[in-house]
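Have the picture open while you read.

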Amino acid sequence: MSVLTRDEAQTRAELLDVHRYTIELDLTGGDETFDSRTLIRFAARVDGDTFVELKPAELRSVTLDGHPLDPEALDGNRLALPRLTAGEHELRVDARMRYSRTGEGMHRFTDPTDGETYVYTQLFMEDVQRVFAAFDQPDLKAVFELSVRAPEGWTVLANGITEQTDGVWKAAPTPRISTYLVALAAGPWHSVRTEHRGLPFGLHCRRSLAPYLDADCDELLDITRACFDRYHEKFDEPYPFDSYDQAFVPEFNAGAMENPGLVTFRDEFVYRSAVTDTERQTRAMVIAHEMAHMWFGDLVTLKWWDDIWLNESFAEYMGYQTLTEATRFTDTWTDFGVTRKSWGYDADQRPSTHPVAPEAVDDTASALLNFDGISYAKGASALRQLVAWLGEKDFLAGINAHFARHKFANATLADFIDNLAGATDRDVHAWADAWLRTTGVDTLTPRIAPGEHGTCALTVDRAGSRPHRIAAGLYDRDLGDDGGQLVLRERLHLDLPQTDAHPIGKRPALLLLNDGDLSYAKVRFDPESFETVRKELSGLPEPLTRAVVWNALRDAVRDGELAPTAYLETARTHLPLETDLAIVHGVLAFASTHISDRYLTPEQRPAALATLSELCRDLIRRTEDGDNPGLRLIAVRHRIDVAAHPDTIAAWLADGTVPGGPELDPELRWRVLARLAALDATDEAAITAELERDPSATGQEGAARCRAALPDPQAKARAWDAMFGSDDLSNYLFTATARGFWQPEQADLVRPYVERYYTDAVAVAERRGPAIAVAVGRDAFPAHAVDTDTLRLGEACLRDADPTPALRRKLVDQLDDLARALRVQGNGEN
């Protein structure tokens, strides 16, 4: 298959003006394929040659202006349209297309709970070609008319309002949108419908999830309405489509997709088991993020994939900010700081880093790699810094000018910067060059010099090149009756680089750069502040401040400046006193996944697990009165994950409850069983029994993970063959199996598979495509094997085996993380 290059897209856009697609799909033809008939009306501006894209199981016929073309002329995914004359044209394509099991194109899923079948589209980047023929690039927008013949009892959802006549569902024609934004979802959906501001709103899920959607529908609709209203206060352009449906679909690869009028979400957001309020906040943020895309991405769309940040960075920033302004979730930036920013920091320090707005993305395969922590988290951080520097009034004025000039069309970074510049006297072009065209993370280090009469002055060393507008928090010890607290004296507002030392009065107990987390930079501490952090971190008054401190400690560990054991000691001291759920989860996740499993040697790991177990026990004891069920749930989950001995968690599973609560719901039961499998404390019979108890799709995934985790040579061989020897596993079952396979406790047992991984990973990525390639590199990589042999094998694979672009990117990142872990281990206690 050929990937589309930027040059080819520019040439085709200069030649063609695409008017309208009329698409007829028939979903009644069986489990493997569906019929797709497409009529494309377009014009050629001059005489010329071009091509249309599709990836059919069978290309039955093609006619151009009534003249047949040879279906055998299809070359990979391209059908040449030679010798077009200037003027209007009609292209008709009749094809049979394959359903997907990997979340790409038209994904088909049969629910094991009740046997009902559902299909939905994910047409991002090049996957529209798996469903219908298209001139597949974002700047060839068109109107889309979709009709779908579906089995009896199904409902068809699409970008516009749908109506059924004689088994055929027709969707209202769309406004001009890009090919990758066309969407449908078909099946016997359970739906909750309402209306807001005269528009139909809907929530949809599988029938087996109906009770769980019904339980949360008020919350989901309240969030949707609140964000919708807030965006109408911010944006001059009204919502540009005729309805707003949100469909929670199975085996979805992303968190969600911003299809106009039909947003698709992974249906794990329909909670079957207990969740924390922070998880509800995350779901709400995704709702806000996708709704922001109705303007950023759908109304105004990037011209080419080098400007993906215009979609994702804006939706990310607007999602967090609007949720804070319009809903009960008023502390979303703490969660962003803990869970999202680290994603950006990590990505930006690897060899695969790229600018937020890269100057050249040569083709679609390269573009797909940029949907990462840089385009999302770093880009959103840059926008937050821009708002701090520019002011929200001018920022929104620039955005609204951008919408007005480019609605239902395409735009570039230069267009956006020009629109911002028109709303302010500040040099936005220089800001964009410094923030959007550069890579890497700046590091800010405070220098406190003594002055006269017991006063001090602050200078900030900046390793990096970007300007920063930050706050420096000065904290003193509370000398009152309570003690044990740090009190904010003041926040100094600094513009970096700094020319003169800033007087700060008496030396504070703690000086924290980037307090409030308005910029994107690693921060360090002066020696006295660092001692305060280690002893008194939990005494800081605001969660966002504590999040900045925890991120600084995380960065110091990763950079080899703080021993991993020191991070654990700090967590052991302060986390039992923490009140913010996002911080507790983020610190425990880093401590268990990175520190205990990678940054400490195998000999050090048991002590680390013991420390984390004690910490979780403290949190469980602290929540015995039942006043913080979210904190207790986090502690219970992590206590399960770090269990070094099976007795306690096995007793929980046998009793069906943790003493004092919570009762073990399906998520917790599978979590316990997976850990017991890794510890060789359960067997196939127990897994089968649990699957009979929970035969749902998530139960199937839980069973796959548990079976792969069993420390038995035959179990490992079966799991490996399922992942790499056949192509039967869906994307979710592949991921579940991969997550169970590698266990640090089983390093000797799985050692022979480390070398096999590189050969088999390259082969399966080539066969099964980008979605599986990502899962292979992300979930199936032997991350526990922190040694030079693993690094050597991986480097040889990159050099000699020619992995697909998606797998290569994941391997580059994994091997860089592995090399970092080796350096951290080598630093030891230094």
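## A strand tucked inside

Start with strand β19, residues 262-266: four of its five residues are buried, so the strand is largely enclosed by the rest of the structure. Keep in mind that this is a predicted model.

Who are the neighbours of β19? Strand β17 (residues 244-249) runs parallel to β19, and five bridges join the two. Here aspartate 245 stands opposite leucine 262. Strand β18 (residues 256-257) runs antiparallel to β19, with two bridges between them, and alanine 256 stands opposite phenylalanine 265.

How many aromatic pairs does the structure hold? There are 52 of them. One is phenylalanine 124 with tryptophan 305, an edge-to-face pair with 5.4 Å centre to centre and 65° between the planes. Phenylalanine 124 sits in the loop between β9 and β10, and tryptophan 305 in the loop between β20 and α4, so this pair ties together parts that are 181 residues apart in sequence. Phenylalanine 124 is buried at 12% relative accessible area, and tryptophan 305 is buried too, at 3%.

Phenylalanine 248 belongs to β17 and phenylalanine 265 to β19, 17 residues apart. Both are buried.

## Charges over rings

Rings also meet charges here. The charged end of arginine 78 sits over the ring of phenylalanine 51, 4.3 Å from its centre. Likewise, arginine 384 has its charged end over the ring of tryptophan 333, 4.1 Å from the centre.

Key:
Residues are numbered from 1 along each chain as its sequence is written. This is a predicted model: local features need pLDDT of at least 70, side-chain atom pairs count only at pLDDT 80 or more; totals for chains, interfaces and linings use all residues. Side-chain values use heavy atoms; hydrogens and water are left out. Buried means under 20% relative accessible area, exposed over 50%, partly exposed in between (1.4 Å probe, protein chains only). Two strands pair if DSSP finds at least two bridges between them. Rings of Phe, Tyr and Trp (its six-membered ring) pair if their centres lie within 6.5 Å; planes under 30 degrees apart count as stacked, over 60 as edge-to-face and the rest as tilted. A charge sits over a ring if NZ of Lys or CZ of Arg is within 6 Å of the ring centre and within 35 degrees of the ring normal.
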